[in-house]
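Colleague: I'd like to learn how to read a model like this one. Could you take me through it, one feature at a time?

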Amino acid sequence: MAQEEAPSTDLITLTRHVLSEGFRLGPAATGDLTLLLNAIQTTSKFIATNVRRARLINLVGLAGETNVQGEEQKKLDVLSNDIMVNSLRASGKTAVLVSEELEEAVIIDEKNRGKYCVVFDPLDGSSNIDAGVNIGTIFGIYHIKPESKGTVEDVLRPGRDMVAAGYVMYGSSCNLVLSTGNGVNGYTLDASLGEFILTHPDIQVPSRGKIYSINEGNSCYYHEPVLKYLHSIKNPPSGKSPYSARYIGSMVADVHRTLLYGGIFCYPNDKKSKSGKLRLLYEAFPMAYLTEQAGGVATTGTERILDLQPTNIHERCSVFLGSKEDVQDLIKFYEGSK
Ligand code: AFP
């Protein structure tokens, strides 16, 4: 009879893991990023608790406002934004905050000012909230520029300048996936301990997948390369199987599956949405950073996402990311259309 594996008595918590990465940086590591990540952990637990109890404590439905994108804000959007802004400010480690829910960047007062800037979407996928489908928080972290006291210029920089990025997925479990520029690790919240435990060390996107993820309801607006690519994966040469479609409509959930199972996630620009839908700073950059750190590729179709230079904190961009070979196949259709 197979022996049952004994429960681990040596849990690697997120803080322990990040601290051990800090130790590898030697004297260069001041502990500030660890403390900032601690604040993000706390906000994630707080938001996760509210997401789980939303139906019970009357947190579903609209808050009655629209955000800067002209989208209706849900009560949980507003609450999650407030939780993050308060906690990041109080951490004393931030200088500039950019949230999907706030028109202007938040410049932190001198008393609480630190060296990092955090760009975030506090609750992404909010159209899924009321149905109890997976939603998430996405964040990216920059170090302020040398000599800067913290201005919006510190975040109007290419995504390759980020020092860390991650997301938290509120689903059947609460998962935090993080990169500090040294690979990607996934942690699962153990609610009884109140700790994120390392459960997915060194996530690597498979080099090829079998799944494509796109809102195909928009296909009448798609540009030629996207249509041709989709046709190619749905009508493969004989003997090969077509790709399966999976689309949740929460970027965090669709990207999480893509990182673990491989395949391609797409939200292209099209004839109707000339710049696409997803926001560059707090959706595309962090997810592109994680994808590249996990060995995948993230592109607009014609350019590496992490090389884009933002000019506006809420700008949008076209996104294709996932398995290296799948995304390279897509890029060939763009190259062929030149
Ligand atoms: P919502 O927050 O409005 O639900 O948008 C979610 C999102 O920004 C991203 O998480 C999804 O990948 C994408 O938009 C879904 O957009 P469509 O509903 O147009 O497919």
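Colleague: Which of the 15 residues around the ligand come nearest?

Modeller: A residue is near a molecule if one of its heavy atoms lies within 4 Å of it. Here, Asp-124, Asn-215, Tyr-247, Met-251 and Tyr-267 come nearest. Before we go on: this is a predicted model, where local features need pLDDT of at least 70 and side-chain atom pairs count only at pLDDT 80 or more, while totals for chains, interfaces and linings use all residues. Residues are numbered from 1 along each chain as its sequence is written, and side-chain values use heavy atoms, with hydrogens and water left out.

Colleague: Okay, and into which domains is the protein divided?

Modeller: Domain bounds come from an automatic or database domain assignment. In this case we get domain 1 (14-200) and domain 2 (211-336). Contact means heavy atoms within 4.5 Å, and it takes 50 residues from domain 1 and 31 residues from domain 2. Taken over C-alpha atoms, the domain centres are 23 Å apart.

Colleague: How much area is buried between domain 1 and domain 2?

Modeller: Buried area is the accessible area (1.4 Å probe) that two parts lose on being put together, summed over both. For this pair the value is about 2900 Å², with carbon and sulfur atoms giving 63%. On the domain 1 side, Ile-138, Leu-156 and Tyr-167 supply 20% of the area buried against domain 2, more than any other three residues.

Colleague: How many salt bridges cross that interface?

Modeller: A salt bridge is a side-chain nitrogen of Lys or Arg within 4 Å of a carboxyl oxygen of Asp or Glu. By that rule there are two across the interface of domain 1 and domain 2.
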